[in-house]
Amino acid sequence: MSRWRIARLVAGKDLRIERRSRVLTNQVLPFAGVTMVMFAFALDASNVLERVAPGLIWLATLFSMLVLVQRSFAIESDDGALDALRVAGVDPVAIYWGKSIALAVQLAALEIVLLIAAVLLYGAEVPLGGIVLLATTLVTATCGLACVGTLYGGLTAGFTGRETLLPLLVLPVVAPVLIGATRAVESALGTDGVALSEGWPWIGLLAVFAVAFGAGGALAFGPLIEEAT
Amino acid sequence: MIGGFPVLAGATMSVAVGEIVLLQGPNGAGKTSLLRLCAGLLPIARGTGSVFGFDLATQRDSIRPRVGMLGHRNGLYGDLTVAENVAFWGSTAGATSAEVEAAVTRLGVDGRLRDVMVVKLSAGQKRRTALACLVARRAELWLLDEPHAGLDAAGRDELDTVLRQAVDSGATVLVASHELERAGSLAHRVVEVVAGQVHEVEPPS
């Protein structure tokens, strides 16, 4: 079977499990929503929320992503499925891509909801001219986050204490995504009068990050799960 | 090697295609490690070994697709149905939907059970589903660690039937079990693993 076909199989299986268990809709989205509301309580001053909205969207995304990554690998570890995938000789690159795709789909849904929440709660405005930049930011940042999340999720899957280890490992690594995506969304929304053109160089950073972790993660994932499980 | 100590030392054995071999021995003797070694999950620190002619030290990627291992856990996804689990594992080995369907029927997890979530199954039904996954994957070497554990009498009988059928269709089975009477009557040969050493013992009558 081709690598791509197995990746689609793994992604389809993960998304089907998510559809059944509804962890995204019943746990992650409410958690992200509560985080956004708490930010609003903490920063409830004139204009502050609107100015920091792009950063808050991505912070809430990162925190929620940790829950999604842990869930993504909990379904593999609960009954020894990751070990079984190894025994079955399933291509680890295909597993990595498949799980990354499933995570990216869930992250994209989460980000759209958070963006809507920012508009409603923080008064952020999305100008028509910024929609392309905004969409490109969502796509590139989501790919980068999904690749990093899957790589480190696989790394920590076999460890006790992985719930605390995962944030410690992932959050410093995704700092470039946080910075780049925040700046790009600021440009897309025109926050503080930032020009639209200033956002595109950040897309370059996000794209390089996504490609680096997409390729590097695919190479490293196999040896990592060999050692970790 | 685990923690710097050899798990198996001086262990020599061979298994012919189509055999059912029982591994017996006390806890911690190295039975599970031997199975994991044959599955290519543990590296060989010293010595040599091969499965289907592939070297266990250098060609583990060629061995794995032909091996099915059922350990203490079943490797199933609780939020998928029985049929979806079997279809997923079968598809990873390129099985057609007809082959998947045949595996589901052969292991008796069809009918009412087919569309039940695995999380809602009994231990025995989960075991049967896991075996259906091995059948769908067309595994040629079955490595089973305490396969009778958690099964009721009917489930154990069914499992024995499945193993005999697997061997009849050309599979080779290595079973680690404490249930000597049951597994022994099933096996062509019995091998004792004690403190990392392997000894052939009297075959079952």
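How many residues of chain A are in contact with how many residues of chain B? In this predicted model, 26 residues of chain A are in contact with 23 of chain B, contact meaning heavy atoms within 4.5 Å. Residues are numbered from 1 along each chain as its sequence is written, and chains are lettered from A in the order in which they are written. Local features need pLDDT of at least 70, side-chain atom pairs count only at pLDDT 80 or more, totals for chains, interfaces and linings use all residues, and side-chain values use heavy atoms, without hydrogens and water.

Between the two chains about 2100 Å² is buried, 60% of it from carbon and sulfur atoms; buried area is the accessible area (1.4 Å probe) that two parts lose on being put together, summed over both. R20(A), D79(A) and V87(A) supply 30% of what chain A buries against chain B, more than any other three residues.

R20(A) also forms a salt bridge with E84(B), with the closest N and O atoms 2.7 Å apart. A salt bridge is a side-chain nitrogen of Lys or Arg within 4 Å of a carboxyl oxygen of Asp or Glu. The count between chain A and chain B is five salt bridges. On the side of chain A that touches chain B, two or more residues each come from α1 (3–21), α3 (48–77) and α4 (81–87). The largest share, eight residues, belongs to α1(A). Helices are DSSP runs (H or I, at least four residues), numbered from the N terminus.

Another feature involves V126(A), which lies in the loop between α5 and α6 (131–156) of chain A. V126(A) has a relative accessible area of 35%, so V126(A) is partly exposed, that is, between buried (under 20%) and exposed (over 50%), with a 1.4 Å probe and protein chains only.
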